[in-house]
Amino acid sequence: MKSMDLLLNNLFWSPVWISIKTAIVAGVFVIILGTLVGYVLSKKKFKGKILIETILMLPIVLPPTVIGFFLIIIFGQNSYIGQFIEWIFRQPIIFTWWAAVFAAIIVAFPLMYQSAKSGFSSIDKSIEDAARIDGASEWKVFLFISIPLASKSLLSGSILSFARALGEFGATLMFAGNIPGKTQTLPTAIYLAIDGGEMALAWTWVIAIVFISFIMMFILQIKQK
Amino acid sequence: MPQLKLENVSKWYNDNVCAVQNVSLQIEKEEFVVIVGPSGCGKSTLLRMIAGLEKASSGKIYLDGTCINELPTRDRQIAMVFQNYALYPHMTVYENLAFGLKMRKIPKVEIDKRINEVTKNLKINGLLNRKPQSLSGGQCQRVALARAIIKKTKLFLMDEPLSSLDSTLRLQMRREITNLHNKIKITSIYVTHDQSEAMTMATKLFVMKDGVILQVGPPMNVYEKPNSIFVATFLGSPGMNILRGKLMDDTFMIGKSSIKLPMDKYGYLLEQGYCNKELLLGVRPEHIVQAKDNESNILDIKITHVERLGDVSLIYSFFECQPIVAKMNDFTMKFTLDLDRIHFFDPLTEKRVDSFNDE
């Protein structure tokens, strides 16, 4: 009965919605940006390309605290960028919901970019050339040939990066904080619940995030067959 | 006016690797041109520059008198068949054929009409709803051809289109492409490393090596009067035999053997100052023939290996320690050269030097 109460309780739903909302908005950004960057880097050769590719992949291996640290340094109130943002929006980005979105974008981007790049690289170049010969502009080649042919990689990249955005913890905690109803996502809420000894609440949240993650991974497995 | 004209076209990669070097050529309307050469000779790069898939580093390309160097591929009015077919794997045969027409904003009624016509012609009308992965190699090749001719373009490019087919199918498609060309008369450029494809299909042949076009002409002309050792040995199956020797007045000495030459063969060479000089004698395998009883130039040949092909046999042997291949119907033990069909090449320039009036 107690758990039923919990399910109807705003206390339970708030971090669930914030997490899903954050992951969806971050996911949309990451999917579009990762696909475009992956496409460009799979096709173009230029000086310093390896350096850029290395930097783009760094968030995968860096500890989330390091990412949080950099986010605070770059966008905090003491930096020019941070002051610029504050001047435009009349408030700092740090400790807002957008900060959570931003942290999620940074950690999820490499997964999308990497999948997209390997998907686009594996396309037989002569198929894209054939489309050019058939009169397609570069944009139409991208839309009608490259995207459909890389669709499996793009889908798996999308799901992985969405799942990563949903599970983001360290950088979010540092950059967006843990404000209930505002920036408190599922992972931070679970951490706090356990810390406060509220095991029943922690359980329901754990079940919720495992459920969502399981569904996404399940879809991924089916689609990759 | 030639349909396609190339003026000193070159292609450099990274400023130091030259794939195509100062190629100039002209292709007339309705010709079926074959560019033949070993792999890596730059023939595909040349074709891709004509298609606009690669940019020429220098030189000019004209289509119907207009310079198309800066024209993007999509606006060039060309069709192309690729080595691996390059069909769109996620589309049905119908969609593959319709794609280029849709891109050119041709109305659906016209698209259906053309698809109907072309697929009947190439006998693939039963495959319209199939995806490429469910088709055989030959069917894919037909779809690729259909996709190219359906657009009714000015120029038809083919990049080794038959090299991934098995040999029976290759012979069949070779004939079909020739028939198709006779029917629709579209100006075609066909790139291949297969000299027999080149010989049988071309109305005009370009032999290419190391980024340079070595010889141009009707296939039989090039075959019978190769201008260099490379062309002589590349064309023909097997290619021309080359024997090193020395010209002594009317006699060509190969090792200890001597071949007495007819006046028309040695006269010109003597005039050119080749007396007592090293020369290379070229003779095609089919021009090594059975010696008649009164023949004076009998070759003392040591046979090492015989390949029986059914209709003819290839006789691999050594003559004065130099390898030589003969192609004969009847197996014989007495060989001589058909002296009317031999050629001489300069060992330094590797150019043919025996005649002055065949260009």
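This is a predicted model: local features need pLDDT of at least 70, side-chain atom pairs count only at pLDDT 80 or more; totals for chains, interfaces and linings use all residues.
## Getting started

A residue is called buried when its relative accessible area is under 20%, exposed when over 50%, and partly exposed in between, using a 1.4 Å probe on protein chains only.

Residues are numbered from 1 along each chain as its sequence is written, chains are lettered from A and ligands numbered from 1 in the order in which they are written, and side-chain values use heavy atoms, leaving out hydrogens and water.

## Chain B as a whole

Chain B has 359 residues, and 52% of them count as buried. Its C-alpha trace spans about 75 × 45 × 35 Å along the principal axes. The chain holds nine helices and 20 strands; these are DSSP runs (helices H or I, at least four residues; strands E, at least two), numbered from the N terminus.

Contact here means heavy atoms within 4.5 Å. Among the contacts in chain B with a separation of 6 or more, 67% join residues 24 or more positions apart.

## Two domains and where they meet

An automatic or database domain assignment sets the bounds, giving domain 1 (4-233) and domain 2 (239-345) of chain B. Eight residues from domain 1 of chain B and nine residues from domain 2 of chain B take part in the contact. The two domains of chain B bury about 730 Å² between them, with 59% of it on carbon and sulfur atoms; buried area is the accessible area (1.4 Å probe) that two parts lose on being put together, summed over both. On the domain 1 side, Tyr223(B), Ile229(B) and Ala232(B) lose the most area, together 61% of what that side buries.

Zero salt bridges are counted between the two domains of chain B, a salt bridge being a side-chain nitrogen of Lys or Arg within 4 Å of a carboxyl oxygen of Asp or Glu. On the domain 1 side, α7 (219-224) and α8 (229-234) of chain B each supply at least two residues, and α8(B) gives the most, with four residues.

## Back to Asp311(B)

Where does Asp311(B) lie? Asp311(B) sits in the loop between β16 (301-308) and β17 (313-319) of chain B. Asp311(B) and Asp330(B) are 19 residues apart in sequence and 9.3 Å apart in space, C-alpha to C-alpha.
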